[in-house]
Amino acid sequence: MEKRALVLGGGGVTGVAWEIGLLHGLAEHGVDLSTADLFVGTSAGSVVAAQLTGGTGIDALYEHELADTTGDTDAVIGARVVLGFLLAAVWPGDRARGRARLGRAALRARTVPEPVRRAAIASRVKRDDWPAARLLIPAVEARTGAVEVFDSASGASLIDAVAASCAVPLVWPPMTVGERRYVDGGVRSVANVDLARGYERVVVIAPLTAAARRADRPAAQAAALGPGVRTAVVSPTDAALTAIGRNPLDPSRRAPAARAGRAQAAEVIERVRAAWG
């Protein structure tokens, strides 16, 4: 039996919504990606992966993204938000020194307290225990730039792992796991597709595709998995990008992003089906 992996990349609250909308639309067309043998979740993708493997149905997740966002704690608007997120997305992912430089800047930045941010993540993830399915969540140690891949055997709670992977530098505080503080897993790679190595069928859902090096882009990473691996990489269309908007942390764009993801499923279903089997 060929093993299948679902890779969910980073992209802020709008990325969460678009990914959920796309997953919902694909399921409506008969392809249920929640049956994966492996889930790799980076930043926003770690939220979706934790939700998807935590027992909440994709229909309920989709309806949540359409709900009123008034009072949403992720409502941080402004150039600093966009700058911080883009820095996390395009910083050279293979250089520990560059990652550490950004991580140390994040440690000095004034943001909300860690407990406030953790509570926001907990409100989305709900469960703190790891799922039965294999789930990998990358993050970056802020001071050294070392990459940590959290899983059920890492000793970290699920919410702490997700909070660490979602700690966008300069926007949210580096999050403490054990005795170390971590920043966004997207600092290493926007999707970390290479963590799916060893799986024969891989679907990558990547709201962001930017990288300082071409080899770090999701499509290039997917191609590098090997000639015998069947892959499909799905990123937002121009119409979806318009719906998502320019600020990936703008909660008012959640519903349009989710609807755009659902609509895009019809355009990519055959490609995804061919990869998934």
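A: For two axes, angles under 35 degrees count as roughly parallel, over 145 as roughly antiparallel, 65 to 115 as roughly perpendicular, and the rest as oblique. Keep in mind that this is a predicted model.

Q: At what angle do H1 and H10 pack?
A: The angle is about 45°, and the axes are 6 Å apart. H1 and H10 are therefore oblique to each other.

Q: Which hand is the crossing of H1 past H10?
A: Right-handed.

Q: Which residues of H1 and H10 make that contact?
A: From H1 they are Val13, Thr14, Ala17, Trp18, Gly21, Leu22, His24, Gly25, Leu26 and Glu28. From H10 they are Arg254, Ala257, Ala258, Ala260, Gly261, Arg262, Gln264, Ala265, Val268, Ile269 and Val272.

Q: And how do the residues of the H1 and H10 contact divide by class?
A: There are 12 nonpolar, six polar and three charged residues in the contact of H1 with H10.

Q: Arg254 is on that list. Where is arginine 254 placed?
A: Arginine 254 is in helix H10, which covers residues 254-276.

Q: Is arginine 254 buried or exposed?
A: Buried: the relative accessible area of arginine 254 is 4%, and the cut-off for buried is under 20%.

Q: What does its side chain make a polar contact with?
A: The side chain of arginine 254 has a polar contact, at 3.1 Å, with the side chain of glutamate 65. Glu65 is also one of the H3 residues that meet H1.

Q: OK, H1 and H3 then. How do their axes cross?
A: The axes of H1 (residues 12-28) and H3 (residues 58-65) come within 9 Å and cross at roughly 140°. That angle makes H1 oblique to H3. H1 passes H3 in a left-handed crossing.

Q: Which residues meet there, H1 against H3?
A: Val16, Ala17, Ile20, Gly21, Leu23, His24 and Ala27 in H1 meet Ile58, Asp59, Leu61, Tyr62 and Glu65 in H3. By class, the contact of H1 with H3 has eight nonpolar, two polar and two charged residues.

Q: Switching topic. How do H6 and H7 pack?
A: Helix H6 (residues 114-125) and helix H7 (residues 158-165) pack at an angle of about 115°, with axes 9 Å apart. The crossing of H6 and H7 is right-handed.

Q: Which residues make the contact?
A: H6 brings Arg118, Ile121, Ala122 and Val125, and H7 brings Leu158, Ile159, Asp160, Val162 and Ala163. The residues of the contact divide into seven nonpolar, no polar and two charged.

Q: How many of the residues of H7 are buried?
A: Eight of its eight residues, so H7 is mostly covered. The buried residues are Leu158, Ile159, Asp160, Ala161, Val162, Ala163, Ala164 and Ser165.

Q: Last topic, backbone. What is phi of serine 43?
A: Near 55°, a positive value in a residue other than glycine. Most residues other than glycine have a negative phi. Serine 43 is in the loop between strand S2 (38-41) and helix H2 (44-53), and is buried at a relative accessible area of 4%.

Q: What about phi of lysine 126?
A: Phi of lysine 126 is near 75°, also a positive value in a residue other than glycine. Lysine 126 is found in the loop between H6 and strand S3 (134-141).

Q: Is lysine 126 buried or exposed?
A: Exposed, with a relative accessible area of 63%.

Methods:
Residues numbered from 1 in each chain as written. Predicted model: local features only at pLDDT ≥ 70, side-chain atom pairs only at ≥ 80, totals over all residues. Heavy atoms only, no water. Helix = DSSP H or I, 4+ residues; strand = E, 2+ residues; numbered from the N terminus. Buried < 20%, exposed > 50% of the residue type's maximum accessible area, 1.4 Å probe, protein only. Polar contact = N/O pair within 3.5 Å; in protein donor to acceptor, adjacent residues only side chain to side chain. Axes fitted to C-alpha atoms, helices over the stretch in contact; angles between N-to-C directions. Left-handed = near helix turned anticlockwise from the far one by under 90°. Contact = heavy atoms within 4.5 Å. Nonpolar A, V, L, I, M, F, W, Y, C, P; charged D, E, K, R; others polar.
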